[in-house]
Amino acid sequence: MPVEHAAIIGAGIAGLTAALALARRGISSDIFEQAPELAEVGAGLQISPNASRVLSELGVLEGLTSLWLEPQSIRLMSGSSLRELAAVPVGSFARNRWGAPYGVLHRKTLQKALLDAVFANPLCTLHLGTRFESDLPLGRRPADVIVGADGVWSRLRQAIAGAPAPRFSGNIAFRFTIAEAAAPGLVDRASVSALLGSSAHMVCYPLKETGGFNMVAITAGNIAPEAWQGQPTLAQQELLQSRFRRWHPAIVELLRDRNDITFWPLFEATPGRWQDGDKTVLIGDAAHAMMPFAAQGAAMAIEDAFELAAFLATRPVSEAISVFERHRTPRITKLRQRGAFNRFAYHARGPIRLGRDIVLSLKPPQSLAADLDWIYGYRPIG
Ligand SMILES: Cc1cc2nc3c(=O)[nH]c(=O)nc-3n(C[C@H](O)[C@H](O)[C@H](O)COP(=O)(O)OP(=O)(O)OC[C@H]3O[C@@H](n4cnc5c(N)ncnc54)[C@H](O)[C@@H]3O)c2cc1C
């Protein structure tokens, strides 16, 4: 029997995109979100061409491009000398090579664009303040498929034997924003800059919405509190200071005495089953939360949502969700491997770091771009 109606748990990027992708296929949905209102979570987001291509198909991209920035390059830089090691061109190069733009924006901008599209679509019904515990909340009609888009702490996983589980990754993200004037020479508005150092790296990019810069520092660290987000404790502040102590003085200065840094222990999902062989399926972070070393978590949630809708529109539900899992697993596995490689390369020390810097500086931009073709040039089914 073809799928006519879906229940979606969670109205994050995965859940909202899924509702729109299903509606594009004529499938209606109830979206159940625990939060009473969709407040802005987190800070900036990089949207790579593989994700923007899907947003374009869903009619969401057009409204975003006037609100976001399209950087000209992604620069890899030494955290100690601020020397550029390599640069991947994006901007118009991305549009030409991968057929879709590379943009940076505030999360709330993407969330609002998705929400506006959901509200405008009569096939999508959002229920705020409705948490899934063990029974499906009451929607507008019975669901043929239940989509778990409820993030890394997914509750719906309990319905699937052998589902992934959350695991602390041993990495911590520190996030803050700065004004351009706060770091002359360190950041520029035309680039995403990834500064590399031993056991830590820092990513900076401009946000049009605030006029400032989104800063994310990621470092290895074993302090794993229960809270997902909050003000850093003294121990966490000390970890941050010690990891960046030998970095360029401009960065040391930038991190000194800040009281606006938020702290995110990074959890990932262990490998496991994403579907129950019947009518329950996980997407996005619920299925495969990953480290942000390739900046692809939201992009994968967007691809998942789009491809799941395509399978559900053309196959019986139990077949659709198992084909979805089989189809998506190799790509997610490969991305995790790329993330693990980036983590190794970004946080390298000593001779490995020297080797990395030499290899990077010898690679022409075209060759760096070619390494990304399989990620950014991906054409999803649907
Ligand atoms: C530091 C950092 C930087 C990142 N940078 C990038 C980047 O540049 N590019 C990129 O592509 N990705 C990036 N990511 C990854 C990206 O943020 C995530 O992969 C993405 O947001 C996951 O979306 P989601 O919808 O699957 O989950 P979530 O955003 O977690 O959404 C889950 C939703 O479900 C709701 N929910 C949870 N439980 C229930 C329940 N029981 N009942 C009802 N509702 C429920 C939650 O309230 C929430 O609204 C980054 C991540 C981090 C930590």
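**Salt bridges in the predicted model**

A total of 19 salt bridges are found in the structure, which is a predicted model. As a reminder, side chains of opposite charge can pair when their charged atoms come close.

R75 counts as buried because its relative accessibility, 14%, falls under the 20% cut-off. D188, at 23% relative accessibility, counts as partly exposed.

A second salt bridge pairs D304 with R328, and the closest N and O atoms are 2.7 Å apart. D304 is part of helix 9 (residues 297-314) and R328 is part of helix 10 (residues 317-346), so this contact ties together parts that are 24 residues apart in sequence. D304 is buried, with a relative accessible area of 0%, and R328 likewise counts as buried at 0% relative accessibility. D304 and R328 also take part in a network of salt bridges that links them with E303, E307 and R331.

Turning to the remaining pair, K363 and D371 form a salt bridge in which the closest N and O atoms are 2.8 Å apart. D371 has a relative accessibility of 33% and counts as partly exposed. K363, with a relative accessibility of 29%, is also partly exposed.

Definitions and conventions: Residues are numbered from 1 along each chain as its sequence is written. This is a predicted model: local features need pLDDT of at least 70, side-chain atom pairs count only at pLDDT 80 or more; totals for chains, interfaces and linings use all residues. Side-chain values use heavy atoms; hydrogens and water are left out. A salt bridge is a side-chain nitrogen of Lys or Arg within 4 Å of a carboxyl oxygen of Asp or Glu. Buried means under 20% relative accessible area, exposed over 50%, partly exposed in between (1.4 Å probe, protein chains only). Helices (H or I, at least four residues) and strands (E, at least two) are DSSP runs, numbered from the N terminus.
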